[in-house]
Amino acid sequence: MELNRRTVIAGAAAAGIAATTLGGTAHATGGRKPVKTLFGKLADGTKIYSWSLENGGTRLKVLSYGGIVQSLEIPDRRGRYANVSAGFDTIEDYVAKSPYFGALIGRYGNRIGKGKFTLDGKDYQLSVNDGEQSLHGGAQGFDKRVWDVEPFTKGSDVGLYLYYTSVDGEMGYPGTLKTKVTYTLTKHGDWRIDYEATTDKATVVNLTSHVYWNLAGEGSGTIEDHELQIAGSRYTPTDSGLIPTGELAKVAGTPFDFTRAKPIGRDIRVSHPQLVTAKGFDHNWVLDKGITARPEHVATLRDPASGRTLKIATNEPGLQFYSGNFLDGTLTGPSGRTYRQGDALCLETQHFPDSPNKPKFPSTVLRPGQTYRTTTIHTFGC
């Protein structure tokens with residue numbers, strides 16, 4: 001029988017157990033003030049800081065560079081901790097090599113076809129950085145910017161406010177966009193992300209987080225035995241450039257059917273044209289709930305071996321599931337192990353890719369006087 005995660009943590013603390021693990025020892029619930037340390041310096045001398053947070057049995061380390069989640073530690077069913085987020089242990093690697101490990105993504109998460117869109121009759125050309133496409137905001141997106149960080153404690157919660165202002169024309173986007181992202185660790189160990197943005201000119205916005213998950217532990221190998229469930233009965237097929245065709249295709253009878261939990265590896269090598277093109281899963285699921293006023297549960301990821309689970313709730317209409325197809329063994333994580341294809345996965349809550357060029361997709365337009373708001377909550381269990 002699997003124990004509830006909170007029972008594992010509380011029981012270990014009550015018994016005075018120090019469970020030696022990959023990531024450390026089990027601790028009682030309860031937050032502590034975020035701790036700031038120097039992580040490194042950019043080539044121009046800019047100091048990059050790491051912020052360490054702990055609450056409800058979850059430990060989180062965040063960088064001021066890119067708002068990056070450098071590590072996220074949670075216990076397994078025996079109270080043993082592991083970092084379940086892929087990343088690096090130096091700022092140099094994040095700058096030179098990172099495939100968006102743990103980063104905040106903006107102005108536009110995912111792809112915009114040929115880096116072009118038209119808004120209010122005006123054509124815009126964005127930074128192109130993925131073949132012909134603009135990916136995750138362009139060559140110098142939010143993942144490569146230094147954010148202003150302010151720690152907070154609020155009741156039983158601890159967290160960070162992250163601020164970044166993107167000037168008019170940055171990466172080709174119109175309008176000066178003022179962005180605030182709040183990372184919160186709750187007393188139950190949930191990691192909540194609240195995104196806010198305002199603009200002085202009509203623009204498009206689609207913010208998300210690009211954590212690479214492996215619930216068995218960073219550097220532990222394949223995620224193909226992880227079980228995944230997605231509350232989406234349709235997905236958006238893509239062309240050869242991984243740009244949605246505009247179709248909302250049914251997942252039923254295809255490898256894309258995760259309406260019931262199944263191992264990721266079960267169908268990943270099926271000879272389906274969409275899997276061949278993307279070298280695995282790299283698609284947007286159309287969530288059955290649509291856009292909601294409050295976050296609703298949309299996905300569950302489980303590692304049977306450790307018992308760790310991740311449940312995701314959001315008010316967004318889409319979820320990008322990326323199975324780590326382009327990890328090729330050339331990157332090494334803090335564990336000292338290399339990341340190979342399928343060694344981590346992403347679950348990015350979002351509006352749909354290429355929405356500015358697909359009028360039938362939910363709009364990503366933000367206008368002056370409006371405030372962009374979206375929330376995603378990660379709940380961990382074991």
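Reader: How does the lining of the largest cavity divide by class?

Author: In this predicted model, the residues lining the largest cavity are six nonpolar, six polar and one charged.

Reader: And about how much space lies in that cavity?

Author: The largest cavity holds about 70 Å³. Its lining is made up of 13 residues, and those closest to the centre are Ser209, Leu347, Glu348, Thr349 and His378.

Reader: Which elements give two or more residues to that lining?

Author: The elements that do so are β14 (191–199), β16 (208–210), β27 (346–350) and β29 (372–381).

Reader: What lines the second largest cavity?

Author: Its lining consists of Asn110, Arg111, Thr236, Thr238, Leu242, Pro244, Asp282, His283, Asn284, Gln320 and Pro353. By class, that lining comprises three nonpolar, six polar and two charged residues.

Reader: Which strand gives the most to it?

Author: That is β21, residues 282–286, which contributes three residues to the lining of the second largest cavity.

Reader: Staying with β21, which strands form the open sheet it belongs to, and in what order?

Author: The open sheet has five strands, ordered β19-β18-β21-β24-β27, and their pairing is antiparallel. β19 (249–250) and β27 are the edge strands, and each has a single partner, so one side of each is left without a neighbour in the sheet. The edge strand β27 is also among the elements that give two or more residues to the lining of the largest cavity.

Reader: How many bridges join β21 and β24?

Author: Five bridges join β21 to β24, which covers residues 318–322, and the two strands run in the antiparallel sense. Within this pairing, His283 has Phe321 of β24 as its bridge partner, and His283 is also one of the residues lining the second largest cavity.

Reader: Changing topic, how do β1 and β2 pair?

Author: β1 (residues 32–41) and β2 (residues 47–55) are antiparallel partners with seven bridges between them. One of the residues involved is Arg32, whose bridge partner in β2 is Glu54.

Reader: What about the residues between those two strands, and which one takes a positive phi?

Author: The hairpin of β1 and β2 has five residues between its strands, and Gly45 takes a positive phi near 95° there.

Key. Residues are numbered from 1 along each chain as its sequence is written. This is a predicted model: local features need pLDDT of at least 70, side-chain atom pairs count only at pLDDT 80 or more; totals for chains, interfaces and linings use all residues. Side-chain values use heavy atoms; hydrogens and water are left out. On a 1 Å grid over the protein atoms alone, a cavity is a set of points where a 1.4 Å probe fits but cannot get out, and a pocket is an open set with protein on both sides within 12 Å along at least five of seven lines; lining residues have an atom within 4 Å of a point. Grid points are joined across faces, edges and corners, and a volume is the space filled by probe spheres set on the points. Helices (H or I, at least four residues) and strands (E, at least two) are DSSP runs, numbered from the N terminus. Ala, Val, Leu, Ile, Met, Phe, Trp, Tyr, Cys and Pro count as nonpolar, Asp, Glu, Lys and Arg as charged, and the others, Gly among them, as polar. Two strands pair if DSSP finds at least two bridges between them.
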